[in-house]
Amino acid sequence: MTLEALRNLLTRRPFEPMRITMSSGAVFEVRHPEMASLGKSAMLIVLQDPDGGPSDRWEFLSYLHIAHVETPAPSGQAA
């Protein structure tokens with residue numbers, strides 16, 4: 001995954017939540033564009049609390065290790 005591809009996903013209007021799968025199998029949800037910040041070689045995401053609210057936990061995701069980014073299928077279509 002590249003910086004430019006992720007920038008395009010984060011700035012798309014309307015924003016579409018995304019699920020990021022890492023090469024390790026770890027999965028991260030980005031429900032709002034404000035949850036992510038892009039750097040040269042990695043993105044920083046704020047993790048959610050189990051209740052869905054913001055937390056003080058965060059994770060760096062190296063672009064090299066992002067295996068897959070998934071956005072929801074349009075209504076009425078299977079994923």
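Select L44 and F60: L44 stands opposite F60 in β5. Strands here are DSSP runs (E) of at least two residues and helices are DSSP runs (H or I) of at least four, numbered from the N terminus. This is a predicted model, in which local features need pLDDT of at least 70 and side-chain atom pairs pLDDT 80 or more, while totals for chains, interfaces and linings use all residues. Residues are numbered from 1 along each chain as its sequence is written, and side-chain values use heavy atoms, without hydrogens and water.

β4 and β5 make a hairpin with five residues between them, and G52 in the turn has a positive phi of about 95 degrees.

Click on S37 to find its bridge partner in β4, which is L44. Together the three strands form an open antiparallel sheet in the order β3-β4-β5. β3 (36-38) and β5 (54-62) each have a single partner strand, so one side of each is left without a neighbour in the sheet. On average, neighbouring strands of this sheet are turned by 20 degrees against each other, direction ignored. Helix α1 (residues 3-11) packs on the sheet, touching β3 and β4, and its direction makes about 145 degrees with that of β3. Such angles run from 0 to 180 degrees between N-to-C directions, with axes fitted as lines to C-alpha atoms, for helices over the stretch in contact.

**The aromatic pair**

A search of the whole structure finds one aromatic pair. The ring centres of W58 and F60 are 5.3 Å apart and the planes stand at 85 degrees, so the pair is edge-to-face. Rings of Phe, Tyr and Trp (its six-membered ring) pair if their centres lie within 6.5 Å; planes under 30 degrees apart are stacked, over 60 edge-to-face, and the rest tilted. Both W58 and F60 are exposed; exposed means over 50% relative accessible area, buried under 20%, and partly exposed in between (1.4 Å probe, protein chains only).

**The other sheet**

Select β2, β1 and β6, which form an open antiparallel sheet in that order. Its edge strands are β2 and β6 (66-70), each pairing on one side only. The twist averages 20 degrees from one strand to the next. Four bridges join β1 to β6, and T21 has H68 as its bridge partner in β6. α1 lies across β1, β2 and β6, at about 25 degrees to β6.

Next, pick S23 in the loop between β1 (18-22) and β2 (27-30). S23 is exposed, with a relative accessible area of 51%. Beyond its neighbours within four places in sequence, S23 is in contact (heavy atoms within 4.5 Å) with H65 and A67. Its C-alpha atom is 8.7 Å from that of L64, 41 residues apart along the chain.

**The core**

Last, show M18, I20, V30, M43, I45 and I66: of the 18 residues in the largest nonpolar core, these touch the most other members. Such a core is a set of buried Ala, Val, Leu, Ile, Met, Phe, Trp, Tyr and Cys residues joined through side-chain atoms within 4.5 Å. α1, β1, β2, β4 and β6 each give two or more residues to this core. Centre on V30: leaving aside neighbours within four places in sequence, its contacts include L10, F15, M35 and I45.

Definitions and conventions: Two strands pair if DSSP finds at least two bridges between them.
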